[in-house]
Amino acid sequence: MLWTGVIIPGPLLGMLLLLVVLMVPSQLANFIQPTSSHLIKNLSLLFIPACVGAFFLSAQINVQLPMLLLAIIISTPLTIVVMTLLIISTKGHKDA
Amino acid sequence: MPELIMQQWQQITESSWLILFSILGFGVGVFVYRRCGKHPLSHPLLISTPLIGLALYLLNIDYVDYYAANGVLNWLLGAATVALAVPLSLQIKNLSSLWPVILLTVLIGGLFAAGSVLVIGNWFMLEPTAILSLVAKSVTTPIAMIITEQLGGLITLITVLVLFTGIIGIIVAEPIFTFFNLQDERWQGLILGVSAHAIGTLKAFEKSPRCGAFSTIGMGLNGIWTTLFLIPLMHAFGP
């Protein structure tokens with residue numbers, strides 16, 4: 001949906017709304033949790049249809065796959081290092 | 001609104017017996033994963049998807065038909081995304097003194113994760129479609145799929161790249177924490193959640209419940225934050 005120029009996808013908006021509602025102390029979380037935790041525990045099942053598609057990509061994308069994986073191999077450690085240095089520099093890690 | 005409901009109903013009713021491939025594949029995947037002591041390289045998705053892909057290929061079933069047949073699973077992704085609010089809400093209470101550092105880490109970490117692959121992707125001169133299917137790689141899969149769909153990338157590609165990012169993340173995180181002497185498990189958890197989403201969070205829960213709680217916060221907040229900045233950013237500057 002479009003709201004003040006920022007695009008917020010429906011499911012994420014739903015998540016934010018539920019989050020706001022759950023922040024108000026109530027019994028609601030206890031009521032929803034059995035269902036939601038079941039859904040989250042088996043989340044991988046929901047990714048299978050899209051994931052199988054990785055074996056049916058176009059040749060044009062397939063040739064790029066090694067470069068895509070390399071981009072992740074470079075970017076992921078860098079991201080972790082940046083966050084580690086950030087936390088150390090705030091000294092926030094010292095007060096236990 | 002009625003059109004939206006009709007659209008969703010159509011997606012659900014398109015489901016057919018081909019959905020059994022996903023369910024059986026998932027069963028096998030979970031079985032192997034448990035047998036391997038829940039090792040990240042035996043993740044149910046890594047086991048089940050090649051098997052299903054092979055079965056479709058051997059039986060000469062079109063992937064498009066298989067995907068449509070899984071309508072009800074795809075539809076549940078929306079509900080699962082909403083459900084992520086529950087663990088997040090349970091963890092974010094009573095953290096008032098830590099909020100500034102948590103927010104700063106998520107804001108910078110999320111930006112850096114997406115920005116760095118965007119820069120590297122451009123440097124490698126990757127196809128625009130490939131870049132659009134890569135930028136959401138640090139975000140938990142259901143949200144990453146939504147973002148990628150909005151951007152016009154391939155959801156079949158992002159799911160695999162998200163999985164790969166999670167595995168790389170948990171492999172490299174521990175040596176980095178040791179090297180920089182970051183011992184506090186709360187911050188280790190937060191970093192794992194922001195950079196390696198659900199796979200990092202699983203790893204964090206293995207260390208301690210406290211580490212896992214912070215990882216849940218990192219994953220959830222980064223999912224929200226990345227959606228907010230990435231879609232407008234890519235519409236403005238993307239390929």
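On a 1 Å grid over the protein atoms alone, a pocket is an open set of points where a 1.4 Å probe fits, with protein on both sides within 12 Å along at least five of seven lines, and its lining residues have an atom within 4 Å of a point. The model is predicted, so local features need pLDDT of at least 70 and side-chain atom pairs count only at pLDDT 80 or more, while totals for chains, interfaces and linings use all residues. Residues are numbered from 1 along each chain as its sequence is written, and chains are lettered from A in the order in which they are written.

**Pockets**

A volume is the space filled by probe spheres set on the grid points, which are joined across faces, edges and corners. Ala, Val, Leu, Ile, Met, Phe, Trp, Tyr, Cys and Pro count as nonpolar, Asp, Glu, Lys and Arg as charged, and the others, Gly among them, as polar.

| Pocket | Volume | Lining | Classes |
|---|---|---|---|
| Largest pocket | about 1100 Å³ | 39 residues | 22 nonpolar, 14 polar, 3 charged |
| Second largest pocket | about 900 Å³ | 25 residues | 13 nonpolar, 10 polar, 2 charged |

In the largest pocket, the lining residues nearest the centre are A:Ile40, A:Lys41, A:Asn42, B:Ala198 and B:Leu202. Helix α11 (residues 185-207) of chain B gives the most to this lining, with 6 residues. Helices here are DSSP runs (H or I, at least four residues), numbered from the N terminus.

In the second largest pocket, A:Pro11, B:Gln8, B:Gln11, B:Asn74 and B:Glu149 lie nearest the centre. Two or more lining residues come from each of α1 (10-23) of chain A and α1, α4 (63-69), α5 (71-83) and α9 (141-151) of chain B. The most come from α5(B), with 7 residues.

**Domains of chain B**

Chain B is divided into domain 1 (1-83) and domain 2 (84-239), with bounds from an automatic or database domain assignment. Their C-alpha centres lie 23 Å apart. Contact (heavy atoms within 4.5 Å) joins 13 residues of domain 1 to 15 residues of domain 2. Each domain gives at least three residues to the lining of the largest pocket. The second largest pocket lies between the domains, because both give residues to its lining.

**Helix α1 of chain B**

Helix α1 (residues 2-13) of chain B has 12 residues and should span 16 Å at 1.5 Å a residue, which agrees with the 16 Å between its end C-alpha atoms. The expected span is 1.5 Å times one less than the number of residues. The count of buried residues (under 20% relative accessible area, 1.4 Å probe, protein chains only) in α1(B) is 0.

Conventions: Side-chain values use heavy atoms; hydrogens and water are left out. Buried means under 20% relative accessible area, exposed over 50%, partly exposed in between (1.4 Å probe, protein chains only).
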